[in-house]
Amino acid sequence: AFIVTDNCIRCKYTDCVEVCPVDCFYEGPNFLAINPDECIDCALCEPECPANAIFSEDELPEDQEVFVELNQELSLVWPNITERKDPLADAAKWDGVEDKLEHLER
Ligand code: SF4
Ligand code: F3S
């Protein structure tokens, strides 16, 4: 599956959801999660993310491994999102800030 990682937090650009052929993105307050059981590994979302926050599980940076379980867990409790919306207000400011996990809202 593809995994949404740290740099999505507090940005949430949502460009990714528009291209997903199986609509497997789920939306929290300041992060999106991919349901790994629904993702068909088409790779279309990866280049769409302005924050470069989406990785194939096979190419996941070592320090992002916690997000494998987080995508699984959160995609089961958050609502589905299929249409792009405005990024969060301070998205540009938070894009590239490291280790935003402490800011993840559930
Ligand atoms: Fe959706 Fe394809 Fe991205 Fe998986 S890889 S989340 S199926 S767009
Ligand atoms: Fe997040 Fe990138 Fe999608 S910032 S909402 S994974 S476009």
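A nonpolar core is a set of buried Ala, Val, Leu, Ile, Met, Phe, Trp, Tyr and Cys residues joined through C-beta atoms within 7 Å. Keep that in mind for the views below, which show a predicted model.

**View 1. The largest nonpolar core brings together 28 residues.** Look for Val4, Cys8, Cys16, Phe25, Leu32, Ala33 and Ile34, the members that touch the most others. At least two residues of this core come from each of strand 1 (2-4), helix 1 (15-19), strand 2 (25-27), strand 3 (32-34) and helix 2 (66-75).

**View 2. Cys8 meets partners from elsewhere in the sequence.** Leaving aside residues up to four places away in sequence, Cys8 touches Phe31, Leu32, Ala51 and Ala53. Cys8 is also among the residues that come nearest to ligand 2.

**View 3. Ligand 2 has 14 residues around it.**

**View 4. Ligand 1 is surrounded by 13 residues.** The closest are Phe2, Cys20, Cys39, Cys42 and Cys45. Here the shell has 12 nonpolar residues, one charged residue and no polar ones.

**View 5. Stepping back, the chain shows three helices and four strands.** Follow them along the sequence and you read β-α-β-β-β-α-α. A compact globule of 106 residues would have a radius of gyration near 13 Å, and the chain agrees with its 12 Å. Of the contacts with a separation of 6 or more, 81% join residues 24 or more positions apart.

Terms used
Residues are numbered from 1 along each chain as its sequence is written. Chains are lettered from A and ligands numbered from 1 in the order in which they are written. This is a predicted model: local features need pLDDT of at least 70, side-chain atom pairs count only at pLDDT 80 or more; totals for chains, interfaces and linings use all residues. A residue is near a molecule or strand if its C-beta atom, placed from the backbone, lies within 6 Å of it. Ala, Val, Leu, Ile, Met, Phe, Trp, Tyr, Cys and Pro count as nonpolar, Asp, Glu, Lys and Arg as charged, and the others, Gly among them, as polar. A residue is buried if 20 or more other C-beta atoms lie within 10 Å of its own, exposed if 12 or fewer, and partly exposed in between; C-beta atoms are placed from the backbone. Two residues are in contact if their C-beta atoms, placed from the backbone, lie within 7 Å. The radius of gyration is taken over C-alpha atoms; the globule rule is 2.2 Å times the number of residues to the power 0.38.
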